[in-house]
Amino acid sequence: MHSYQKAPRHAARRFALGVPFLLLAVACASMPPPTENLSAAQQAIANAERVDAATHAAVELGEARAKLASANAAVSEKQMIVAQQLADESRAEAELAAARSTVAKANAVNKDMKRSTETLIEEMQRKTGDNK
């Protein structure tokens, strides 16, 4: 009698453990494409291109483009969760590229301003020296 009672419990446990996996598989198969995520990634890449990330953050921009391409391929293969994750990663890489490009451009402007300031200071010192 004792062995008879164990069998239904094990079957119930296996069933209870298998249900979440089955539901996850069904949910993945019926998920719509992550169009918002893909669109956000495309927009972030376009923004990065506008701020000249190809020059200042080419690696990050290349990663963003590659991940977006992989996300689109995942949609074709009906792997919507993977596609969503890759699209989000693409957006993040593109935003990083844009930020690095902005920083590089700001640093270049700052460097130019310092040079101009140094030139002005030298001019002022020369003119002050001429008046003596």
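The legends below describe close-up views of a predicted model, with residues numbered from 1 along each chain as its sequence is written. Local features need pLDDT of at least 70 and side-chain atom pairs count only at pLDDT 80 or more, while totals for chains, interfaces and linings use all residues, and side-chain values use heavy atoms, with hydrogens and water left out.

View 1. Helices are DSSP runs (H or I, at least four residues), numbered from the N terminus. Asn37, Leu38, Ala41, Ala44, Ile45 and Ala48 are the buried residues of α2, where buried means under 20% relative accessible area, exposed over 50% and partly exposed in between (1.4 Å probe, protein chains only). On the face turned away from the buried side, α2 carries the exposed residues Thr35, Glu36, Gln43 and Arg50.

**View 2. A salt bridge between Glu95 and Arg91.** A salt bridge is a side-chain nitrogen of Lys or Arg within 4 Å of a carboxyl oxygen of Asp or Glu, and in this pair the closest N and O atoms are 3.2 Å apart. Glu95 and Arg91 are four residues apart in helix α5 (residues 80-130), so about one helical turn separates them.

**View 3. A salt bridge between Arg115 and Asp112.** The N to O distance is 2.8 Å, and both residues lie in helix α5, three residues apart. Arg115 is partly exposed at 44% relative accessibility, as is Asp112 at 40%.

Definitions and conventions. Helix = DSSP H or I, 4+ residues; strand = E, 2+ residues; numbered from the N terminus.
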